[in-house]
Amino acid sequence: MNLIKIIVGICSLLFIMIGADKFLGFLEPPCSMMDSIPTLVWQILGILQIAAGILIWLPKYRKHVAGFFAVFMLVFTVIHVANNTSDIGGSLFMAIMLGIIIWNPSFLRGKAKA
């Protein structure tokens with residue numbers, strides 16, 4: 001199994017988990033900005049994140065999903081910092097993982113087929 005599939009799997013699982021949390025509220029502690037985001041926007045974010053968790057497995061959409069959400073995660077990291085909150089670890093981790101998918105260096109591609 002090559003490394004890109006492992007990274008995609010981790011990102012997919014995290015997308016589905018954080019998306020489902022928008023509806024079920026099982027992650028502790030909850031997002032510090034949850035109360036300042038309208039419920040409808042919060043639920044739309046959840047739907048987008050769950051869809052991303054599925055679409056990232058499709059090679060045709062992988063870089064688009066990774067690119068959009070890498071920027072998305074970085075923007076929300078900046079918003080959190082601007083609001084003096086400290087729960088940015090998850091968004092930074094996801095932005096880095098998605099950046100690796102976009103960059104896709106040779107070590108992720110595995111051995112060249114002869």
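Modeller: One term comes up below. A nonpolar core is a set of buried Ala, Val, Leu, Ile, Met, Phe, Trp, Tyr and Cys residues joined through side-chain atoms within 4.5 Å. Keep in mind that this is a predicted model. Mean pLDDT for the chain is 88. Of its residues, 92% reach 70 or more. Confidence is highest in H2, at a mean of 95, and lowest in helix H5 (residues 106-109), at 65.

The part to look at is helix H3, residues 59-82. Start with its length. H3 has 24 residues, and at 1.5 Å a residue they should span 34 Å. Lys60 and Val81 are 21 residues apart in sequence, and their C-alpha atoms are 34 Å apart in space.

Lys60 belongs to helix H3. Its relative accessible area is 63%, over the 50% cut-off, so Lys60 is exposed. Other residues of H3 are buried: Arg62, Val65, Ala66, Phe69, Ala70, Phe72, Met73, Thr77 and His80. What covers them? The cover includes helix H1 (3-24), helix H2 (39-55) and helix H4 (89-103).

The largest nonpolar core has 23 residues. Cys11, Phe15, Ile56, Phe69, Met73, Leu98 and Ile101 touch the most other members. H1, H2, H3 and H4 are the elements that give two or more residues to this core.

Take Phe15 as a way in. Beyond its neighbours within four places in sequence, Phe15 is in contact with Val65, Phe69 and Met73, among others. The list also includes Gln49, Ile50, Ile56, Met94 and Leu98.

Gln49 is worth a stop. This residue sits in helix H2. Its relative accessibility is 4%, under the 20% cut-off, so Gln49 counts as buried. Its side chain makes a polar contact of 3.1 Å with the side chain of Lys22. Again leaving aside neighbours within four places in sequence, the contacts of Gln49 include Phe69, Phe72 and Met73. Phe15, Ile16, Ile18 and Gly19 are among its other contacts.

Finally, step off the end of the helix. Just after H3 comes Asn84, with a positive phi of about 55°.

Note on methods: Residues are numbered from 1 along each chain as its sequence is written. This is a predicted model: local features need pLDDT of at least 70, side-chain atom pairs count only at pLDDT 80 or more; totals for chains, interfaces and linings use all residues. Side-chain values use heavy atoms; hydrogens and water are left out. Helices (H or I, at least four residues) and strands (E, at least two) are DSSP runs, numbered from the N terminus. The expected span of a helix is 1.5 Å times one less than its number of residues. Buried means under 20% relative accessible area, exposed over 50%, partly exposed in between (1.4 Å probe, protein chains only). Contact means heavy atoms within 4.5 Å. pLDDT is the predictor's confidence in each residue, from 0 to 100. A polar contact is a pair of N or O atoms within 3.5 Å; within protein, one must be able to donate a hydrogen and the other to accept it, and residues adjacent in sequence count only if both atoms are side-chain atoms.
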